[in-house]
Amino acid sequence: MENPDNKTQVVLLACGSFNPITNMHLRLFELAKDYLHETGKYNVIKGIISPVGDAYKKKSLISANHRVTMAKLATESSDWVQVDDWESSQNEWLETLKVLRYHHQKLASSNPANSLQNAVPLIKPGRKRKQEANRYIPVKKNQLSPETKGVPQLKLLCGADMLESFGIPNLWKLEDITEIVANHGLVCITRAGNNAQKFIYESDTLWQHKNNIHLVEEWITNDISSTKIRRALRRGQSVRYLVPDAVRAYIEKYNLYSPESEDRNAEVILAPLQKYARGCKQEQTL
């Protein structure tokens with residue numbers, strides 16, 4: 001019998017809208033855990049669901065309070081997947097890399113061998129500033145190395161659609177993608193019709209760090225998506241067995257999805273597109 005202590009401990013982090021959370025979102029964690037355990041190299045100790053904040057401005061994105069509550073209801077029966085509302089509570093949209101840094105920082109701070117206070121000052125010397133609850137503390141690149149002694153590896157769990165979104169202009173910064181795949185790594189669950197391996201091959205950045213990208217094939221095909229769930233709800237159709245029962249009851253109780261909710265942020269540009277497109281224009285004028 002293998003000793004799990006000799007394996008690399010891993011925490012899986014899934015970021016996204018979860019609008020609403022579906023059975024497929026939960027299934028991603030189980031698939032990733034099985035895959036990593038079957039390699040014989042890893043021991044998955046925790047899963048984290050981190051819903052994006054309202055400032056992301058995605059079309060049809062309902063309140064983060066509702067999305068977080070549904071995610072918590074969906075994971076009540078899980079003994080290893082939890083919901084973290086830190087990202088969703090921020091007033092501004094945060095890049096996924098910053099969310100990864102925050103959770104890695106949190107993992108490091110829980111280890112007595114790695115004093116977070118010594119690594120990341122909460123307040124700059126000589127400057128008084130009131131500390132706010134849940135305030136984001138910037139972490140410089142490589143300030144907390146993923147190889148920090150005793151700290152589990154934090155890997156980003158995603159679907160092939162997120163992986164392929166790396167190629168959408170102004171949606172991601174190249175340096176962010178590089179740090180994510182180089183310092184943390186991806187566990188990507190592929191769906192029917194996605195060619196994730198081809199996408200990695202066509203990207204120099206992803207190809208350079210391909211050994212840190214784990215592609216997990218979902219052989220039991222499942223095409224459940226939040227978009228299709230919302231469409232069914234708008235049309236008064238049943239979503240039973242597509243989302244956890246507690247989530248379905250919560251949606252019905254508050255009548256969360258309707259034609260009106262689907263039009264939310266319809267005329268608003270997605271936060272990263274606003275930010276990065278503006279940055280490109282500024283660079284062009286210099």
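Is helix 3 mostly covered or mostly exposed, and how many of its 14 residues are buried? Helix 3 turns out to be mostly covered, with eleven of the 14 counted as buried. Keep in mind that this is a predicted model. The chain holds twelve helices and six strands, and buried residues account for 49% of its 286 residues.

**Helix 3**

**Nonpolar cores**

- The largest nonpolar core has 40 residues, and Leu-163, Phe-166, Leu-186 and Leu-206 have the most contacts inside it.
- Elements that give two or more residues to this core include strand 1, strand 4, helix 5, helix 6, strand 5 (186-190), helix 7 (196-202) and helix 12.
- Helix 3 gives the most to this core, with six residues.
- A second, separate core has 37 residues, among them Val-10, Val-68, Val-187 and Tyr-250.
- In soluble globular proteins, nonpolar side chains tend to be buried together.
- Leu-206 is in contact with Leu-163, Phe-166, Ile-177, Val-181, Phe-199, Ile-200 and Ile-213, leaving aside its neighbours within four places in sequence.
- Across the chain, 79% of the contacts between residues at least 6 apart in sequence join residues at least 24 apart.

**Two residues to look at**

- Ile-177 belongs to helix 6, and its relative accessible area of 6% is under the 20% cut-off, so Ile-177 counts as buried.
- Beyond residues up to four places away in sequence, Ile-177 touches Phe-166, Trp-172, Thr-205 and Leu-206.
- Ile-177 and Leu-97 are 80 residues apart along the chain, and their C-alpha atoms are separated by 8.0 Å.
- Ser-226 is part of helix 9, and its relative accessibility of 14% is why Ser-226 counts as buried.
- Setting aside residues up to four places away in sequence, Ser-226 touches Asn-19, Pro-20, Thr-22 and His-25.

**Largest pocket**

- The largest pocket contains about 1,100 Å³ of space.
- Its lining has 46 residues, and the closest to the pocket centre are Gly-16, Ser-17, Lys-58, Asp-161 and Met-162.
- Among the elements that give two or more residues to this lining are strand 1 (8-16), helix 1 (23-38), helix 3, strand 4 (153-159) and helix 5 (160-165).
- Helix 6 (174-184), helix 9 (226-234) and helix 12 (271-285) also give two or more residues to the lining of the largest pocket.
- By class, the pocket lining has 24 nonpolar, 13 polar and nine charged residues.

**Cavities**

- A search of the whole structure finds two cavities of 30 Å³ or more.
- The second largest cavity has a volume of about 40 Å³.
- Gly-53, Ala-55, Glu-87, Gln-90, Glu-92, Trp-93 and Leu-94 line the second largest cavity.
- That lining divides into three nonpolar, two polar and two charged residues.

Methods:
Residues numbered from 1 in each chain as written. Predicted model: local features only at pLDDT ≥ 70, side-chain atom pairs only at ≥ 80, totals over all residues. Heavy atoms only, no water. 1 Å grid on protein atoms, 1.4 Å probe; cavity = no way out; pocket = protein on both sides within 12 Å on 5 of 7 lines; lining within 4 Å. Points joined across faces, edges and corners; volume = space filled by probe spheres on them. Nonpolar A, V, L, I, M, F, W, Y, C, P; charged D, E, K, R; others polar. Buried < 20%, exposed > 50% of the residue type's maximum accessible area, 1.4 Å probe, protein only. Helix = DSSP H or I, 4+ residues; strand = E, 2+ residues; numbered from the N terminus. Contact = heavy atoms within 4.5 Å. Core = buried A, V, L, I, M, F, W, Y, C linked by side-chain atoms within 4.5 Å.
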